[in-house]
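Visitor: Before I look at this model, could you show me how to read its features one at a time, giving the general idea and then the case at hand?

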Amino acid sequence: MDSPSNATAPCGFLLQGFAEFPHMRPVLFLLLLAVHLATLSGNLLILVAVASVPSRPPMLLFLCQLSAIELCYTLVVVPRSLADLASPGLGQGSPISFLGCAVQMQMFVALGGAECFLLAAMAYDRYVAICHPLRYAAVVTPGLCAWLALACCLGGLVVSVGLTVAVFHLPFCGSCLLVHFFCDITALLHLACTQSYAEELPLLGACLVLLLLPSVLILASYGAIAAALSRLHSPGGRRKAASTCASHLAVTFLHYGCATFMYVRPKASYSPRQGRTLALVYTNVTPLLYPFIYSLRNREITTAIRRVLGQWQPCQAPGQGLCPDSR
């Protein structure tokens with residue numbers, strides 16, 4: 001590694017993407033395009049379905065925000081990756097400006113952080129619904145949902161700005177080639193010429209706020225839920241109450257599992273190509289799975305989606321295609 005005395009402030013970076021696999025790029029482009037379109041369609045369908053519900057329960061409002069975050073989350077990363085895959089003449093990598101890289105990283109961290117906080121808010125919603133069902137309507141009001149949604153976004157924004165400023169104040173040495181398809185924190189830290197753990201403290205602090213704090217709140221909520229379920233004498237009631245948490249738990253494990261494995265480890269153990277492969281999964285596959293998890297497990301979402309899809313029926317007269325449902 002170059003010494004810090006040779007450090008420079010680069011005017012930009014090169015995103016290597018998958019340039020070292022030229023023969024795989026067409027296949028990878030088609031695969032990512034199909035996954036991206038399916039992700040956009042699934043999350044847009046949930047947004048439209050929730051908007052079509054006249055009276056929206058708090059959980060539907062949270063799901064609506066989660067789908068909006070996932071939409072933005074993929075749009076920050078995937079379109080540029082697809083454009084790079086479709087451009088064969090980029091050589092060693094795709095250039096991205098210093099400012100453009102900082103903005104992409106900041107938006108990515110802000111959206112991921114907002115999702116961390118939102119999952120904690122959804123766990124609190126489940127806690128009130130199961131442990132205090134008679135007070136649920138009085139406690140979890142639309143006003144509280146709006147304040148929680150705003151707090152989640154502001155929390156992610158504040159942490160992301162602080163982390164971005166800290167990372168982009170680090171000295172960068174030698175090559176400005178990022179072995180990645182977007183400006184991820186770990187790839188940038190790997191490129192920085194630092195010789196102590198002090199420069200990794202901003203990432204550690206961000207992980208504590210974005211991962212540990214919401215995790216503690218989620219564990220506390222589900223600890224109280226588990227205690228309440230253990231006091232239920234009816235197995236059917238216990239199963240019904242637990243099933244309302246299944247979708248949230250699945251999404252929480254996916255999100256926190258990928259984030260913890262990727263970001264809660266020292267710089268010395270980071271492998272650029274392994275990190276790029278894992279990032280390919282959590283920026284493409286997990287956002288695709290979320291709509292399926294909620295549409296399969298949440299009765300209100302399933303009903304709303306069927307209502308939206310049922311608004312269009314084939315016309316009886318031949319050649320007229322689809323026409324609005326008259327109901």
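Guide: Let us begin with terms: helices (H or I, at least four residues) and strands (E, at least two) are DSSP runs numbered from the N terminus, and two strands pair if DSSP finds at least two bridges between them. This is a predicted model, in which local features need pLDDT of at least 70 and side-chain atom pairs count only at pLDDT 80 or more, while totals for chains, interfaces and linings use all residues. Residues are numbered from 1 along each chain as its sequence is written, and side-chain values use heavy atoms, with hydrogens and water left out.

Visitor: How many bridges join strand β1 to β2, and in which direction do they run?

Guide: Strands of a sheet pair through backbone hydrogen bonds, either parallel or antiparallel. Here β1 (residues 12-15) is joined to β2 by 4 bridges, and the two run antiparallel, with Phe13 standing opposite Ile96 in β2.

Visitor: In what order do the strands of the open sheet lie?

Guide: The order of the 3 strands is β2-β1-β3, with mixed pairing. Because β2 (94-97) and β3 (177-178) each have a single partner strand, they stand at the edges, and one side of each lacks a neighbour in the sheet.

Visitor: Is Thr286 buried or exposed?

Guide: Buried means under 20% relative accessible area, exposed over 50%, and partly exposed in between (1.4 Å probe, protein chains only). Thr286, which lies in helix α9 (residues 272-297), has a relative accessible area of 6% and is therefore buried.
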